[in-house]
Amino acid sequence: QSTWGIRKKMSNNDDEVEAYKQKKMSEMQSQQIQQQRQKAEQQQQQAEMKRSILMQILTPEARERLSRIRLVKEEKADRVESYLIQAAQQGKLGGKVTDDYLVKLLEQVNQGESERGPKVKIQRRKDFDDDDDDE
């Protein structure tokens with residue numbers, strides 16, 4: 001009877017440990033979910049603030065052009081938007097950014113990319129003529 005009592009106590013301890021593990025696991029999952037929600041909210045707030053600033057500094061035509069660029073080259077649009085926001089915050093923009101100014105800015109960005117961009121040089125090897133070996 002004494003070994004049965006020990007086994008029963010060990011079983012109860014195992015159940016308690018397992019319940020504790022489950023509780024901790026669910027707490028950790030809850031924390032992760034909460035952190036993900038906070039991160040998503042923060043990103044949403046930043047995006048809304050960015051949109052708000054762009055609405056203030058871009059003319060409708062410039063906004064439309066930038067949105068079309070975003071459809072094709074999202075990274076380029078992000079870089080241009082960041083530049084414009086930074087310039088606006090530093091007071092470097094004289095007024096609203098027009099479509100013409102945006103075109104000039106995009107040309108500068110394109111020129112900078114072509115100068116920095118990777119250069120690929122292809123060298124072809126001359127193939128050996130295998131016809132001579134057939135004899």
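**Exercise 1. Where do E27 and K24 lie, and how many residues apart are they?**

Before we start: this is a predicted model, where local features need pLDDT of at least 70, side-chain atom pairs count only at pLDDT 80 or more, and totals for chains, interfaces and linings use all residues. Residues are numbered from 1 along each chain as its sequence is written, and side-chain values use heavy atoms, with hydrogens and water left out.

*Solution.* 
- Step 1: Find helix α1, residues 2-57. Helices here are DSSP runs (H or I, at least four residues), numbered from the N terminus.
- Step 2: Both E27 and K24 sit in helix α1, three residues apart, which is about one turn of the helix.
- Step 3: They form a salt bridge, with the closest N and O atoms 3.7 Å apart. That term means a side-chain nitrogen of Lys or Arg within 4 Å of a carboxyl oxygen of Asp or Glu.

**Exercise 2. Work out which parts of the chain K50 and E81 link.**

*Solution.* 
- Step 1: K50 pairs with E81 in a salt bridge, the closest N and O atoms being 3.1 Å apart.
- Step 2: This pair links distant parts of the chain, as K50 is in helix α1 and E81 in helix α3, 31 residues apart.
- Step 3: Now zoom out: K50, R70, D78 and E81 are linked in a network of salt bridges.

**Exercise 3. Is E81 buried or exposed?**

*Solution.* 
- Step 1: Get the cut-offs: buried is under 20% relative accessible area, exposed over 50%, partly exposed in between (1.4 Å probe, protein chains only).
- Step 2: E81 has a relative accessible area of 8%, so E81 is buried.

Notes
Helix = DSSP H or I, 4+ residues; strand = E, 2+ residues; numbered from the N terminus.
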